[in-house]
Amino acid sequence: MTEREAYMAQALELARAAMAQGEVPVGCIIVKDGVVVGRGRNRRESCRTALGHAEIEAIAMACRTLGGWRLTGCTLYVTLEPCPMCAGAIVNARIPVVCYGARDDKAGCCGSVLNLFEERFNHRPRVYGGVLEGACAGLLQKFFEGLR
């Protein structure tokens with residue numbers, strides 16, 4: 001297992017925890033210098049907020065952990081391609097590397113719908129998609145099949 005896969009496996013555990021509480025299974029971790037500094041999972045339903053995305057929760061925790069809003073030197077791992085809101089938060093936090101698992105053909109902003117990171121913002125993260133894609137997509141598929 002590669003380093004990226006090992007970190008994505010941790011994000012998948014958070015996604016499974018979200019699913020166990022009836023949330024869309026999305027999990028996210030942020031790593032700096034080999035240490036997890038932020039964790040988050042989808043909590044839109046339980047917290048009743050549109051802001052309850054895994055990336056937003058992980059970014060907030062990483063900012064608290066590191067004592068500032070600039071998350072330079074960090075890598076964000078998320079099980080689902082970031083949406084416009086989360087991609088914007090990634091740009092604003094100056095996160096240099098984003099790794100995601102499953103593509104999101106409805107709201108993905110790392111290339112599926114558009115690539116927000118190729119726009120003329122002051123920060124453009126490097127993106128690595130498809131990390132443990134099968135496991136990430138499979139978990140989402142299982143969740144949505146259970147709703148039908």
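Buried residues are taken here as those under 20% relative accessible area, exposed residues as those over 50%, and partly exposed residues as those in between, with a 1.4 Å probe and protein chains only. The structure is a predicted model, in which local features need pLDDT of at least 70 and side-chain atom pairs count only at pLDDT 80 or more, whereas totals for chains, interfaces and linings use all residues. Residues are numbered from 1 along each chain as its sequence is written, and side-chain values use heavy atoms, with hydrogens and water left out. Helices (H or I, at least four residues) and strands (E, at least two) are DSSP runs, numbered from the N terminus.

By these criteria, the buried residues of helix α4 are Cys86, Ala87, Gly88, Ala89, Ile90, Val91 and Ala93. Since seven of the 10 residues of α4 are buried, this helix is largely enclosed by the rest of the structure. The cover over its buried residues includes α3, β3 and β4 (97-102), where contact means heavy atoms within 4.5 Å. Just after α4, Arg94 adopts a positive phi of about 65°.

Helix α3 (residues 54-66) comprises 13 residues and reaches 18 Å from its first C-alpha to its last, close to the 18 Å expected at 1.5 Å a residue, the expected span being 1.5 Å times one less than the number of residues. Within α3, Ala54, Glu55, Ala58, Ile59, Ala62 and Cys63 are buried. Seen down the axis of α3, these buried residues fall within an arc of 160°, and they therefore line one face of the helix; the arc is that of the directions from the helix axis to the C-beta atoms. Among the elements that cover the buried residues of α3 are β1 (27-32), β2 (35-41), β3 (74-80) and α4 (84-93). The helix is followed by Gly67, whose phi is positive, near 80°.

The axes of α3 and α4 come within 9 Å and cross at roughly 20°, which makes α3 roughly parallel to α4. Axes are lines fitted to C-alpha atoms, for helices over the stretch in contact, and angles run from 0 to 180 degrees between N-to-C directions; those under 35 degrees count as roughly parallel, over 145 as roughly antiparallel, 65 to 115 as roughly perpendicular and the rest as oblique. In this pairing, Glu55, Ile56 and Ile59 of α3 meet Met85, Cys86, Ala89, Ile90 and Ala93 of α4.

For α1 and helix α5 (residues 133-147), the axes come within 10 Å and cross at roughly 5°, so that α1 is roughly parallel to α5. Met8, Leu12, Ala15, Arg16 and Met19 in α1 meet Ala135, Cys136, Leu139, Lys142 and Phe143 in α5. Thr79, found in strand β3, counts as buried at 1% relative accessibility; residues that Thr79 touches, not counting those up to four places away in sequence, include Met8, Leu12 and Ala15, as well as Cys136. Val24, in the loop between α1 (3-20) and β1, is 115 residues from Leu139 in sequence and 9.3 Å from it in space, C-alpha to C-alpha.

Most residues other than glycine have a negative phi.
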